[in-house]
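Here is a short report for a reader meeting this structure for the first time. Please look over the sequence and the model before reading on.

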Amino acid sequence: MPNHQINPNQWIDLYSDYLYNYTITRVSDREIAQDLVQDTFLAGLKSMKNFKGEASERTWLISILKRKIIDHYRKINSNKGKAEVRINYNGDAETEGDWLEERVADPFDKTAEDTMQNSELGDAIHNCLGKLSEKQADVFKMKTIQGFETEVICNELNITASNLWVIIHRARTAMADCLKENWF
């Protein structure tokens with residue numbers, strides 16, 4: 001056991017309310033939020049030996065919970081065949097950042113035209129990514145396509161959170177303009 005002691009017997013008393021409140025604001029479903037918090041505690045128990053004490057117990061549990069929330073959305077989005085690309089394709093603030101799901105064919109109801117459109121969209125996205133600066137492309141892929149957390153991206157690319165949001169805004173705007181010009 002590492003030098004840093006954690007006490008899972010106190011997790012429910014100390015952290016369950018905080019973790020639940022954190023989760024409910026992200027999933028908006030009481031049962032799913034409770035399940036994700038429970039899954040977080042279970043994953044924490046299973047990986048206790050990996051706790052290095054570099055962060056507090058609560059921070060460590062939140063990092064586990066964030067992955068659980070991301071996994072939850074990846075699971076439901078892949079089951080429904082939703083696109084994992086988010087951009088501003090309308091240009092109006094009300095729908096800024098909407099999913100492109102209505103622009104992507106349902107993989108369970110594919111026709112030749114749908115398959116061709118998905119292929120064309122993929123090619124258009126790839127081409128538009130190639131027109132971005134290297135840093136913008138990296139940030140766009142990590143945040144929008146791969147779903148990495150802000151903190152992870154900032155650490156990986158050695159940038160500040162505010163710099164990240166400027167870069168992602170510029171990248172999304174450039175992607176929207178490029179896709180509007182080359183695909184829509």
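Which residues in α5 meet which residues in α6? From α5 come Lys135, Asp138, Val139, Met142 and Lys143, and from α6 come Thr150, Ile153, Glu156 and Leu157. By class, this contact of α5 with α6 holds 4 nonpolar, 1 polar and 4 charged residues. Keep in mind that the model is predicted.

**The chain as a whole**

The chain has 7 helices and 0 strands. Along the sequence the pattern reads α-α-α-α-α-α-α. The chain is 184 residues in length, and 37% of them count as buried. Take the contacts between residues at least 6 apart in sequence: 60% of these join residues at least 24 apart.

Two packed helices are described by the angle between their axes and the distance between the axes.

| Pair | Angle between axes | Distance between axes |
|---|---|---|
| α5 and α6 | about 150° | 10 Å |
| α5 and α7 | roughly 95° | within 9 Å |
| α6 and α7 | about 95° | 10 Å |

Start with α5, residues 134–145, and α6, residues 150–157. Their axes pack at about 150°, and angles over 145 degrees count as roughly antiparallel. The two helices are therefore roughly antiparallel to each other. The crossing of α5 past α6 is right-handed.

Next comes α7, which spans residues 161–182. The axes of α5 and α7 cross at roughly 95°. That makes α5 roughly perpendicular to α7. On the α5 side of this contact are Lys135, Gln136, Val139, Phe140, Lys143 and Thr144. On the α7 side they meet Leu164, Trp165, Ile167, Ile168, Arg170, Ala171, Arg172 and Met175. The classes here are 8 nonpolar, 2 polar and 4 charged residues.

The last pair is α6 and α7, packed at an angle of about 95°. So α6 is roughly perpendicular to α7. Thr150, Ile153 and Cys154 in α6 meet Ala161, Leu164 and Trp165 in α7. This contact has 5 nonpolar residues, 1 polar residue and no charged ones.

Now turn to α1, residues 11–27. Its buried residues include Trp11, Tyr15, Ser16, Leu19, Tyr22, Thr23 and Val27. An α-helix has 3.6 residues a turn, so residues three or four places apart point the same way. Asn21 also lies in α1. Is Asn21 buried, exposed or partly exposed? Its relative accessible area is 45%, so Asn21 is partly exposed. Asn21 and Ala33 are 12 residues apart in sequence. In space they are 8.5 Å apart, C-alpha to C-alpha.

Ser28 follows α1 and has a positive phi, near 55°.

Helix α2 covers residues 30–46, and Thr40 has its place there. Why does Thr40 count as buried? Its relative accessibility is 0%, and buried means under 20%. Beyond its neighbours within four places in sequence, Thr40 is in contact with Leu61, Ile64, Leu65 and Lys68.

Note on methods. Residues are numbered from 1 along each chain as its sequence is written. This is a predicted model: local features need pLDDT of at least 70, side-chain atom pairs count only at pLDDT 80 or more; totals for chains, interfaces and linings use all residues. Side-chain values use heavy atoms; hydrogens and water are left out. Helices (H or I, at least four residues) and strands (E, at least two) are DSSP runs, numbered from the N terminus. Buried means under 20% relative accessible area, exposed over 50%, partly exposed in between (1.4 Å probe, protein chains only). Contact means heavy atoms within 4.5 Å. Axes are lines fitted to C-alpha atoms, for helices over the stretch in contact, and angles run from 0 to 180 degrees between N-to-C directions. Angles under 35 degrees count as roughly parallel, over 145 as roughly antiparallel, 65 to 115 as roughly perpendicular and the rest as oblique. A crossing is left-handed if the near helix is turned anticlockwise from the far one by less than a right angle, and right-handed if clockwise. Ala, Val, Leu, Ile, Met, Phe, Trp, Tyr, Cys and Pro count as nonpolar, Asp, Glu, Lys and Arg as charged, and the others, Gly among them, as polar.
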